[in-house]
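Student: I should like to learn how to read the features of a structure, one at a time. May we begin with the model itself?

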Number of protein chains: 4
Amino acid sequence: MVHEEIELKGHVIDSLTLSKVLDAIIQSGGTYEIREFRIGKTRAEPSYARLWVSVEDRASLDRLLKELGHYGARELPARDADLRPTPAAGVAPDDFAVSTNLPTEIRLKGRWVPLVPEEMDRAIVVSRDLGSARPVPLYLLRKGDLVACGRRGIRVAPLRQPGGEAPRDPFVFMSASASAERPARHAIRTLADAMKAARRRKGKSLFVAGPAIVHSGGSEILAALIRAGWVSVLFAGNALATHDIENSLYGTSLGMCLADGARAPHGHAHHLRAINAIRKAGSIAEAVKRRIVKSGIMHALVTKRVPFVLAGSIRDDGPLPDVIADVRLAQEAMRAHLAGVEVAVMVATALHAVATGNLLSARVYTVAVDIDAARVTELIDRGTAQAVGIVMDAASFLAALARSLGIRAGS
Amino acid sequence: MVHEEIELKGHVIDSLTLSKVLDAIIQSGGTYEIREFRIGKTRAEPSYARLWVSVEDRASLDRLLKELGHYGARELPARDADLRPTPAAGVAPDDFAVSTNLPTEIRLKGRWVPLVPEEMDRAIVVSRDLGSARPVPLYLLRKGDLVACGRRGIRVAPLRQPGGEAPRDPFVFMSASASAERPARHAIRTLADAMKAARRRKGKSLFVAGPAIVHSGGSEILAALIRAGWVSVLFAGNALATHDIENSLYGTSLGMCLADGARAPHGHAHHLRAINAIRKAGSIAEAVKRRIVKSGIMHALVTKRVPFVLAGSIRDDGPLPDVIADVRLAQEAMRAHLAGVEVAVMVATALHAVATGNLLSARVYTVAVDIDAARVTELIDRGTAQAVGIVMDAASFLAALARSLGIRAGS
Amino acid sequence: MVHEEIELKGHVIDSLTLSKVLDAIIQSGGTYEIREFRIGKTRAEPSYARLWVSVEDRASLDRLLKELGHYGARELPARDADLRPTPAAGVAPDDFAVSTNLPTEIRLKGRWVPLVPEEMDRAIVVSRDLGSARPVPLYLLRKGDLVACGRRGIRVAPLRQPGGEAPRDPFVFMSASASAERPARHAIRTLADAMKAARRRKGKSLFVAGPAIVHSGGSEILAALIRAGWVSVLFAGNALATHDIENSLYGTSLGMCLADGARAPHGHAHHLRAINAIRKAGSIAEAVKRRIVKSGIMHALVTKRVPFVLAGSIRDDGPLPDVIADVRLAQEAMRAHLAGVEVAVMVATALHAVATGNLLSARVYTVAVDIDAARVTELIDRGTAQAVGIVMDAASFLAALARSLGIRAGS
Amino acid sequence: MVHEEIELKGHVIDSLTLSKVLDAIIQSGGTYEIREFRIGKTRAEPSYARLWVSVEDRASLDRLLKELGHYGARELPARDADLRPTPAAGVAPDDFAVSTNLPTEIRLKGRWVPLVPEEMDRAIVVSRDLGSARPVPLYLLRKGDLVACGRRGIRVAPLRQPGGEAPRDPFVFMSASASAERPARHAIRTLADAMKAARRRKGKSLFVAGPAIVHSGGSEILAALIRAGWVSVLFAGNALATHDIENSLYGTSLGMCLADGARAPHGHAHHLRAINAIRKAGSIAEAVKRRIVKSGIMHALVTKRVPFVLAGSIRDDGPLPDVIADVRLAQEAMRAHLAGVEVAVMVATALHAVATGNLLSARVYTVAVDIDAARVTELIDRGTAQAVGIVMDAASFLAALARSLGIRAGS
């Protein structure tokens, strides 16, 4: 038998962490003794547990400690992280540690160094001077990069609740899964409060926007939010921008007239004519400048100088000249805008929501809105567990958010 | 070979009726000759076709004519409907004609007599004097009732488009199936126009309401619509009334606090305490009178003297004393309120929407609202083909409808 | 300040019970001291906590203890339950305790008496001799019945995981919410094992069946399961039985030919002709006996003498003579078959699944199958939290279940 | 008033084309006279209509004729298409004709030249010798390319029914929209027949595959279909290939153990380790060759030498070295495999299904399978109107298809 003493800190009871740790020990064939256990006196106060763990042999213990590390457990005394160089560009060492979107620290030369930024599913690359650590996608690894491996010297702090670090936490007893049967109005007011708080702190609010915003008639409301300064940066694809511009040029979206719901004669070609008009102008900004595009979401972004990233996808027509066709470059463009983001609002998009979720820290207050609860569940299951789900159509959500922010916009 | 001349009238092209008729003839092994064909010069003008049909033998011809009758074809010269007495109470003759919700006429003693009211999936019972015809559910057939059988002497007028007889018909080129990708605002404005037109003509607007109206925070908006006189009659179940009263008494719905989204301590029992309070009072009206219930949908109905039917279901708790536990009696209570209904609005209910659709004429302007497009498709597939589908959450829909009707209600 | 010592037993950590209890104390303005805390050494072993609770005044303490009682906490020393007579037939005392579907005990004359059966959302009626307690729906309360009130002397044992008391518990780390992205095959094999284990113990397997079983082509597979003895009792509505008989008589379901997917000429009337044929025979059993119905689900039930309950709903056509039109009588008929049920399988039905869930103990191993994950979530949110969700179409599920049970059935 | 004589040919009644043409004339303020009208004597026989159209002025007439051209109407006598050069690379002339996926002909020097291949939403570029025409995405237009403009000299043949040119057409009376309430078994058998017929003619069957195939446990069935020669080419993304290889290496998908449904310890990192292993090998083919990957879909493709395209998306982790990160290059790689495709089967993918639908001729027999009917509706609404929808989970569908093709595969 081999032994190790481990400790756990934080919201280990209400995040179920303690249960999972004890479970993992039992399942590995080991036993445990609880040497110390203190429960926080208030909800804000963390709990603490110290356990003496015994398992069959060294290999089992290593496997177990590796697993426990992902629940935030760390052995006492702590040891430095194992570092190994990449064998080739774009390839991690076999046993590389995979990052999560939770607050994470790496022990280097006896010091706990934070992973900055927090981003899931990356290799953890450590600087040459062992002074900092950052997450790197596999394809960006350079030959010889020092990568954290195994589980020693890596600790992760469990977060307690959906929604990221909200000002208040109304959903603490609600399951994170989305449902149309739960009242959305309060969640929208809480989001509005979070956006206001972020603005006071000079933090950013990111919007991730799908084309159903335009189809459902929400363009002008989102444009009003942008003009009022509530959107710090916007991520979308070719479709959102195209249908917004189609709407601005022809009053249609997907060929359907938004004013009266009728299908416009020959309307299915409108989106291509809209794209062609922008291609002719050279860029969306140029088309706004030349007064080809005079309203809508993209117009508001350009005139308000709010940055946006349009990421390409294989279903794109055209595409618009502003679309980044290489998805890796698009990911990098998105990543470049994330510093300072405190609130993320994902509206009516599956692809872009998951893509953005992959890049976000779990500390970001994240709200995902879709008419289809299954899409919100998918996002949460993909690791963006902090997301608060709202089941509404895009236009109704944006109208309610605008009202909560004190903006008057036609709906 | 046997022959028959048939004629078709109405929107036989844009309802695909002509295609189906020709198809049916070919599939029965027959041939046809188009003797006369006039296409309406305008969309409002009906078309007309006269066909000479030839098939193998009399039996095939009868089968074919029976089928064609359901597309509105009738043979020339017309013959009276076959009438046969029921063999026993609650049992129709074997070959009984099944009614639809479309305008239908029965030929009796050389006269075309309308089926009144129009109601689908019933036997057609003819009065003793052969002067009138009405649809009767099987279980209400009395021994000896005269029932129309076969297909002779029965003609059905195809309707052209979803939504019933709307003032305008914006959806003519849209598929009837619901989708979250279509703009709802126009459909809501069209509904508001239909409700206004109905009111001018002293016609009724029926609301069919599911409990998600309360869960999503829409109670007060629906109550405002009722107080403003836009609801002529309301159909619902135990759940809608219970959660509305729960909300009025405790501020919760399904135990969730509607004001702040939190789960109320011990809130799951609230709906039962609400039911018990009404049972103690004796009825909802009495509880309103005694000021036990002071707000919400049921309060508005009672104080505004708008009739309602609460139909029982096997998932009911309690139930409230006003709930009709026998579903056949509940159907009859609903049917008793349908005369004069011109507009039907079905919000967030599957069971009650289909049940009401089963009782409605296809001429009623019908709008079905659900967050789940599949539920609207199910309604349409069940025969309520006139329904216009809107994919929205209940509270957002009601708020938008209230705005279109010029009502200011908190949302 | 007033004080009370309380204790908690069971899976208080992995069910989050301890967290909720501490939270409730803090929220009530109180404080606590953990006097004793033992965590179970294995997953099967329960944990134990003893807390000293202090709050402002007696009324707050009473409110708090009432809430804590629902988490299974009980004060030390325990006191008998408060009993009060009903003020009138069908009406509970104001402060009546609402039952849950979890294992529950009532303290009467110093003894903990179990609630039998376990059924949620009922009043708890105690026998005159204080020797037994049973759940009673409000409408069945008789004048003078002794009803448990408040929270004293009532304790509830939290269950840990979805699925009821399964032989094994594969889902312990999975969220209970259903998703199409989780592998169903294992859940089906686990269900098959549970059904086999129940059969060995002479326990019953209940099937709750929706009409989509017939529409999706699963009738013959369910009939094969019945003939092989895997179905002990079946709950359904008019639609399942009607479309099954329609399929047996005409080869169609909702008028669509199941063999080749084509819409049968005039097929929409088939279900009414099927109902009329059974009405003429007098009952389904009589129609089977006279060889009018020769195949399908209902035929298998009748020939195999498996009991069934057909509960009425307001959307019913006909209805079949076997349908119980009064929903309260239907509930009672269902309840009468629940003794001995160890496994419940709910396939493609929203209404009947929730209705049955309302009657089931949380100990019953419950599986809910639907093509729409939202319906399973709704069932779980309604209190049937033990249900394991499987997102599949009905026919595919039944075929996979039949294979797991070693039955060869055409699919 | 100006006049023009136009003619219409084909299934103009059952495709509603005639109705739409007459409607368009009325809406443009014009009138018409039906000069000749012949309805096909059988369903296979086309109909013919000749109309004399009168409108206010030349400009209105041009607009109208342009619209009518999209319904297949052409003026008599026919005139050549208007051709104009592109003003710049990547930009079409303002009035460029937008292609559809229907059979289309361009009139050049008095000859009707077919558009090859049929692909929607492109510019139509004509060869210098005016002998051929092809669809070109905007971004691939070269400066000076000759592009068809306006509506003259372009005719489109309406197709009649969903499913493309099926051997038989069972769905003629069914709406194209998908529903879980329709029997899928027949549609699967029809698909199997279409695949067999395609194979006899040396035609190709294309599969478009989403990762839910792996999650739902369908990998081995799809691999068996590939090994049996039923898959000619496969389109997918990084996720399908990654989770298939994750499953092959670790027995998990998204970290969930497919054999027993349990979440594997630390399983969320499995997919990244799988990607890293392939990156180390250099390619999927190399990993198969080195026996790193020994089973699953990708293994079957490589060993059977079936070509595949993995298109990148912004949500990709890793990615696998075989993934094409530039979405325009990915589109072109997909397009290069479409010649000879007669059957397209899209399973559990929204993004790739719409992307492939954008490239396919409407003549391709297309089946779209998803557990969520809304996704199939979205595909159809995006222009892939020929798609037959099947609402099933991926694994159940593949198992049923394999059985219909006579393949025995574990399910």
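**Reading the model**

Tutor: Chain A has 13 helices and 19 strands, where helices (H or I, at least four residues) and strands (E, at least two) are DSSP runs numbered from the N terminus. This is a predicted model, in which local features need pLDDT of at least 70, side-chain atom pairs count only at pLDDT 80 or more, and totals for chains, interfaces and linings use all residues. Residues are numbered from 1 along each chain as its sequence is written, chains are lettered from A and ligands numbered from 1 in the order in which they are written, and side-chain values use heavy atoms, with hydrogens and water left out.

Student: What percentage of the residues in chain A is buried?

Tutor: Buried means under 20% relative accessible area, exposed over 50%, and partly exposed in between (1.4 Å probe, protein chains only). Of the 411 residues in chain A, 62% are buried. As for contacts (heavy atoms within 4.5 Å), consider those in chain A with a separation of 6 or more: 67% of them join residues 24 or more positions apart.

Student: How should one read a helix, taking H3 of chain D as the case?

Tutor: An α-helix has 3.6 residues a turn, so residues three or four places apart point the same way. The expected span is 1.5 Å times one less than the number of residues. Helix H3 of chain D, residues 185-200, has 16 residues and should therefore span 22 Å; its end C-alpha atoms are 23 Å apart, which agrees. Among the buried residues of H3(D) are D:Ile188, D:Leu191, D:Ala194, D:Met195 and D:Ala198. The buried residues of H3(D) pack against helix H13 (394-404) of chain C, and also against elements of chain D, including strand E17 (341-347), strand E18 (365-370) and helix H13 (394-404). Just after H3(D), D:Lys202 takes a positive phi of about 65°.

Student: Which residues touch the most other members of the largest nonpolar core?

Tutor: In soluble globular proteins, nonpolar side chains tend to be buried together. A nonpolar core is a set of buried Ala, Val, Leu, Ile, Met, Phe, Trp, Tyr and Cys residues joined through side-chain atoms within 4.5 Å. The largest one here has 75 residues, and D:Leu222, D:Leu225 and D:Phe397 touch the most other members. Leaving aside neighbours within four places in sequence, D:Phe397 is in contact with D:Ile188, D:Leu191, D:Val345, D:Val347, D:Val369, D:Ile390 and D:Met392.

Student: Where does a charge sit over a ring, and how many aromatic pairs are found?

Tutor: A charge sits over a ring if NZ of Lys or CZ of Arg is within 6 Å of the ring centre and within 35 degrees of the ring normal. A:Arg328 lies over the face of A:Tyr139, at 5.2 Å from the ring centre. Rings of Phe, Tyr and Trp (its six-membered ring) pair if their centres lie within 6.5 Å; planes under 30 degrees apart count as stacked, over 60 as edge-to-face and the rest as tilted. A search of the whole structure finds 0 aromatic pairs over all chains.

Student: What can be said of the loop between strand E7 (111-114) and strand E8 (123-126)?

Tutor: In chain A, this loop holds A:Pro117, and a cis peptide bond joins A:Val116 and A:Pro117, with omega about -5°. C:Pro117 lies in the loop between E7 and E8 of chain C; the bond between C:Val116 and C:Pro117 is cis, with omega about -10°. In chain B, the loop between E7 and E8 includes B:Asp121, whose phi is near 65°, a positive value in a residue other than glycine. B:Asp121 is buried, with a relative accessible area of 8%.
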